[in-house]
Amino acid sequence: MKVSILQFPGTNCEYDTQHAFEQLGAQTEIIWHKSESIPSDTNLLVVAGGFSYGDYLRSGAIAKFSPVMKAVTEYANNGGKVLGICNGFQVLTETGLLPGALKRNDNLHFISKHHNLSVVNNDNDFLKELACGDVVNIPIAHHDGNYFIDPDGLKELEENNQILLKYTNENGEINNPNGSTESIAGVCNKEKNIFGLMPHPERAMESILGSDDGVAMLKGFLK
């Protein structure tokens, strides 16, 4: 299993992501944003979290113009698996590879804490190791994590089982920290090869750090 991880100026989760997948037994490679190609042996491409280009203009808005994004789009459109985490999710929505948009949290504050998520759909490579209704405890750390999509887009997400995760409490009851539409924390595309979420499963790999629930999430890609 080969996992390639994008690195932009301002990315700060690439090494956490690398550590997480290597802990699961994968080979990894960090790909600088000026690269014009994705390694041919890549099985999963991860757009890691952080603050690409300082989040100037808006989160992910400048990163979408990086040279590597043309290769990312081609890789994704050819069926390659792509995972965007936090800022990576923002980059994928800005690029149009995932539906919707991420805007400023309702309370206008940066949020950094562990938060429960409920699995909504598991008919995909990302969450197939979990059951629908399972609740996991995963860190969030974002200022612009408020997922927005219009009513028609929301209906389409629901009809195609594209909603992956929702923010809840430990009992699976809705607990929305940032104002996201329908408390959505993560989505995928119709073809279910492109995934995005605001929470950080790569930071939940060891119980000593507060949770190892990220293991069950990420290891789906390795099966």
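How many of the five residues of strand β4 are buried? Four of them are, so that the strand, residues 81-85, is mostly covered. Buried means under 20% relative accessible area, exposed over 50%, and partly exposed in between (1.4 Å probe, protein chains only). Strands (E, at least two residues) and helices (H or I, at least four) are DSSP runs, numbered from the N terminus.

This is a predicted model, in which local features need pLDDT of at least 70, side-chain atom pairs count only at pLDDT 80 or more, and totals for chains, interfaces and linings use all residues. Residues are numbered from 1 along each chain as its sequence is written, and side-chain values use heavy atoms, with hydrogens and water left out.

Start with the pairing of β4. Strand β3 (residues 44-47) runs parallel to β4, and four bridges join them. Two strands pair if DSSP finds at least two bridges between them. Val47 has Gly84 of β4 as its bridge partner. Between β3 and β4 the chain passes through helix α2 (residues 68-77), and this β-α-β crossover is right-handed. That term means a clockwise path from the first strand over the helix to the second, with the strands pointing away from the viewer.

β4 also pairs with strand β11 (residues 194-197), again parallel and through four bridges. Here Gly84 has Gly196 of β11 as its bridge partner.

Now turn to Gly179. This residue sits in the loop between β9 (163-168) and β10 (184-188). Its relative accessible area is 30%, which makes Gly179 partly exposed. Beyond its neighbours within four places in sequence, Gly179 is in contact (heavy atoms within 4.5 Å) with Asp106 and Asn146. Gly179 and Asn105 are 74 residues apart in sequence, but 6.3 Å apart in space, C-alpha to C-alpha.
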